[in-house]
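This report describes a single protein model for a reader who has the sequence and the coordinates at hand. Please consult the structure alongside the text.

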Amino acid sequence: MIASPRAFAAAATLAALVAPRPAAGAEPVKVTVPMTVTAPADASCARCHDKTRAPALKRKVVHAPFRPSTGCGSCHKPHGPGEKGGLVAPQVQLCRRCHLGADLGRANVHSIIEGDGCTACHAPHASDHPKLLTEPAQALCGNCHGDLAPKHGGLAVEGKSCLPCHTPHSSSH
């Protein structure tokens, strides 16, 4: 369901979608991402899922729709005990409902997104790494991209050097 202008305005101020929690005494980090999808609140999810949600809510980065126990319907279909709750749309389409940045719309989309979807690199609910990554960016890149010297003119590639030159979601080249 597309948000009404009022709901959209309220959701647009939603902070900490993927912002890490600040260190004690530090100024809070605010990230504002307009939410383009809303769903009816359903507190019934909390009856079964609150015990498993609690540890995730303590992680450094928590996805905004996951924070309230009534946000499940933004991504998940309701389900009964013993049933697996499916997504309301195919994963990549679901994520792109809210995550509309230009980095997802270039001509050449990273094959992992089209193949395994966003959760190949991002945790859907919570993470201890920025941007809900499942592990540090360099480790993620290294999982698929091994011997890089031949692709970099024979030069050794060291440390945190992928992201200054490469965009992880898509490219114009």
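## Basis and confidence

The model is predicted, so local features are given only where pLDDT is at least 70 and side-chain atom pairs only at pLDDT 80 or more, whereas totals for chains, interfaces and linings use all residues. Residues are numbered from 1 along each chain as its sequence is written, and side-chain values use heavy atoms, with hydrogens and water left out.

The pLDDT, which is the predictor's confidence in each residue on a scale from 0 to 100, averages 76 over the protein, and 75% of the residues score at least 70. Confidence is lowest in helix H1 (residues 5-12), with a mean of 36, and highest in strand S3, at 96. Two stretches stay under 50. Over residues 1-21, where pLDDT is under 50, the model has 52 contacts beyond four places in sequence; a contact means heavy atoms within 4.5 Å. Residues 28-36 also stay under 50, and for them the model has 34 such contacts beyond four places in sequence.

## Overall architecture

The secondary structure comprises five helices and four strands. These elements are DSSP runs numbered from the N terminus, a helix being H or I over at least four residues and a strand being E over at least two. From the N terminus on, their order is α-α-β-α-β-α-β-α-β.

Of the 173 residues of the protein, 24% count as buried. Buried denotes a relative accessible area under 20%, exposed one over 50%, and partly exposed a value in between, with a 1.4 Å probe and protein chains only. Among contacts with a separation of 6 or more, 55% are between residues 24 or more positions apart.

## Helix H2

Helix H2 spans residues 44-57 and has 14 residues. The distance from its first C-alpha to its last is 18 Å, close to the 20 Å expected at 1.5 Å a residue; the expected span is 1.5 Å times one less than the number of residues. H2 has a kink of about 75 degrees, centred on Asp50. The bend at a residue is the angle between axes fitted to the seven residues ending there and the seven starting there.

The buried residues Cys45, Ala46, Arg53 and Ala56 belong to H2. The cover over the buried residues of H2 includes strand S1 (61-62) and strand S3 (126-127).

## Salt bridges

Three salt bridges are counted, each defined by a side-chain nitrogen of Lys or Arg within 4 Å of a carboxyl oxygen of Asp or Glu. One of them joins the side chains of Arg53 and Asp50, at 3.1 Å from N to O. Because Arg53 and Asp50 are three residues apart in helix H2, about one helical turn separates them. An α-helix has 3.6 residues a turn, so residues three or four places apart point the same way. Arg53 is buried, with a relative accessible area of 7%, whereas Asp50 counts as partly exposed at 34%.

A salt bridge also links Asp128 and Arg59, whose closest N and O atoms are 3.4 Å apart. Asp128 lies in the loop between S3 and helix H5 (137-144) and Arg59 in the loop between H2 and S1, so the pair ties together parts that are 69 residues apart in sequence. Both are partly exposed: Asp128 has a relative accessible area of 34% and Arg59 one of 33%. The side chains of Arg96 and Glu114 meet in a further salt bridge, at 3.8 Å from N to O. Since Arg96 lies in helix H3 (residues 91-96) and Glu114 in helix H4 (residues 111-115), the pair ties together parts 18 residues apart in sequence. Arg96 is partly exposed at 29%, while Glu114 is exposed at 51% relative accessibility.

## Cysteines

The count of disulfides is zero, a disulfide being a pair of cysteine sulfur atoms within 2.5 Å. The cysteine sulfur closest to that of Cys141 belongs to Cys162 and is 4.1 Å away, too far for a bond. Cys165 is likewise in no disulfide, and the nearest cysteine sulfur, that of Cys162, is 8.9 Å away. Cys165 is exposed, with a relative accessible area of 66%.

## Ser170 in strand S4

Ser170 is located in strand S4 (residues 170-171) and is buried, with a relative accessible area of 2%. Apart from neighbours within four places in sequence, the contacts of Ser170 are Ala102, Asp103, Leu104, Gly105, Arg106, Asn108, Val109 and His110.
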